[in-house]
Amino acid sequence: MENGEIPDNANEHCPGPQSESAGKADSCQGCPNQEACATAPKGPDPDLVAIAERMASVKHKILVLSGKGGVGKSTFSAQLSFALAAMDFQVGLLDIDICGPSIPKMLGLEGQDIHQSNLGWSPVYVESNLGVMSIGFMLPNPDEAVIWRGPRKNGLIKQFLKDVYWGELDFLVVDAPPGTSDEHISIVQFLQVTGIDGAIIVTTPQQVSLIDVRKEVSFCKKVGVEVLGVVENMSGLCQPLTDFRFMKLKETGEPTDVTEKVLEYMREKAPEMLDLVASSEVFDSSAGGAAQMCRDMEVPFLGKVPLDPQLCKAAEEGRSCFADQKCGVSAPALKSIIEKLLAANRWHEELQQMKE
């Protein structure tokens with residue numbers, strides 16, 4: 001238990017050997033380290049000093065959270081990082097989703113390795129101003145499951161924070177796992193001394209997702225992290241009409257593809273329809289969606305991003321949705337949300353003044 005590290009064989013929800021409740025908390029019952037923790041001298045964790053020194057060169061730290069998995073949180077984290085880097089900011093993206101690290105794929109970095117230097121671990125770079133760190137770079141087999149208890153996850157998060165050499169950063173975007181578990185408590189605890197600008201929470205429009213997002217907002221308020229805003233992702237399927245496939249169902253229910261016939265008919269009879277964008281509600285938003293929840297809980301609503309198959313494809317291919325015109329319905333929505341975020345917090349002005 002050197003330097004107050006949580007031992008690998010500790011119970012889940014271990015308070016840490018340096019905590020005043022070490023060896024005495026309910027979660028300590030039955031732990032093989034209980035007696036040692038209860039009698040060990042207490043004091044400040046020296047690793048927090050090392051983290052503070054590392055983070056001193058990072059101007060802004062943003063957590064990206066979600067109440068549920070599968071709502072597009074990592075996609076948003078990736079595209080937020082791409083967008084900030086495209087604005088010539090120095091950006092780092094830290095993936096602390098230990099059991100489901102998808103950031104390497106979404107940044108086009110699968111198969112890359114972490115390198116050690118005399119300054120610490122070096123991030124893997126997409127561009128010279130966009131570095132990435134993830135456990136995904138450390139797994140010998142990408143299909144291997146990470147079966148770790150809380151203490152070991154927390155130890156790796158701490159190591160990422162104190163051992164990764166980011167250099168001077170304008171923004172560190174932290175992609176967290178869904179929910180409010182050990183990883184969230186740890187990242188807040190480790191970064192609180194250096195200051196966290198706040199959290200962006202990603203959700204889908206339906207109540208089954210918003211129920212958990214309310215818990216996420218409550219978590220942020222309890223631990224003193226400002227909610228910078230909520231993003232409603234997958235807010236209706238939206239794509240050019242010509243990208244759809246048209247099917248005709250037989251009496252047996254078997255579909256027949258009639259796409260070419262429909263497109264040919266439109267080209268001949270109604271060519272103006274070929275430029276239309278079609279939209280359909282996928283998730284029920286009759287209760288008001290994320291916008292209503294934000295009004296109820298008095299947190300900012302940043303905007304909606306439609307479910308765009310081209311954005312899904314960009315994430316699969318590990319590229320920015322802003323690099324070309326393919327994501328014609330989602331890229332403008334994401335751009336508007338990011339500009340709103342920068343303007344509300346006056347980050348763009350502040351960082352420009354610092355560089356002048």
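Let's begin with helix H6. Of its 10 residues, eight are buried, so this helix is largely enclosed by the rest of the structure. Keep in mind as we go that this is a predicted model. The buried ones in H6 are Asp182, Glu183, His184, Ser186, Ile187, Val188, Phe190 and Leu191. And what sits over them? The cover includes helix H2 (46–55), strand E1 (58–66), H5, strand E7 (169–175) and helix H7 (207–223).

Now, two packed helices are described by the angle between their axes and the distance between the axes. Here, helix H5 (residues 150–163) and helix H6 (residues 182–191) have axes that come within 9 Å and cross at roughly 35°. The handedness of that H5 and H6 crossing is right-handed. On the H5 side, the contact is made by Gly150, Lys153, Asn154, Ile157, Lys158 and Leu161. On the H6 side, you've got Asp182, Glu183, Ser186, Ile187, Phe190 and Leu191. If you're wondering about the spacing along the helix, an α-helix has 3.6 residues a turn, so residues three or four places apart point the same way.

Zooming in on one pair: strand E2 (residues 91–95) and strand E6 (residues 130–134) run parallel and are joined by five bridges. For instance, valine 91 has leucine 130 in E6 as its bridge partner.

Last stop, the cysteines. UniProt, in an unreviewed entry, puts the feature "binding site" at Cys14, Cys28, Cys31 and Cys37. They're spread over 24 residues of sequence, yet they cluster in space, with a largest C-alpha distance of 10.6 Å. Cys14, Cys28, Cys31 and Cys37 also belong to the lining of the largest cavity.

Take two of them. Where is cysteine 28 found? Cysteine 28 is in the segment before helix H1 (34–39), while cysteine 37 is in helix H1. Buried or exposed, for cysteine 28? Buried, because its relative accessible area is 7% and the cut-off is under 20%. Cysteine 37 counts as buried too, at 7% relative accessibility. Setting aside residues up to four places away in sequence, cysteine 28 touches Asn11, Pro15, Ser21, Ala22, Gly23 and Gln34.

One more residue from that region: asparagine 9, which is also placed in the segment before H1. At 44% relative accessibility, asparagine 9 counts as partly exposed. Leaving aside neighbours within four places in sequence, asparagine 9 is in contact with Cys31, Pro32 and Asn33. And for a sense of scale, asparagine 9 and phenylalanine 246 are 56 Å apart in space, C-alpha to C-alpha, and 237 residues apart in sequence.

That's my tour, so over to you.

Notes
Residues are numbered from 1 along each chain as its sequence is written. This is a predicted model: local features need pLDDT of at least 70, side-chain atom pairs count only at pLDDT 80 or more; totals for chains, interfaces and linings use all residues. Side-chain values use heavy atoms; hydrogens and water are left out. UniProt positions are given in the numbering used here, feature names are shortened, and annotations may be inferred rather than shown by experiment. On a 1 Å grid over the protein atoms alone, a cavity is a set of points where a 1.4 Å probe fits but cannot get out, and a pocket is an open set with protein on both sides within 12 Å along at least five of seven lines; lining residues have an atom within 4 Å of a point. Helices (H or I, at least four residues) and strands (E, at least two) are DSSP runs, numbered from the N terminus. Buried means under 20% relative accessible area, exposed over 50%, partly exposed in between (1.4 Å probe, protein chains only). Contact means heavy atoms within 4.5 Å. Two strands pair if DSSP finds at least two bridges between them. Axes are lines fitted to C-alpha atoms, for helices over the stretch in contact, and angles run from 0 to 180 degrees between N-to-C directions. A crossing is left-handed if the near helix is turned anticlockwise from the far one by less than a right angle, and right-handed if clockwise.
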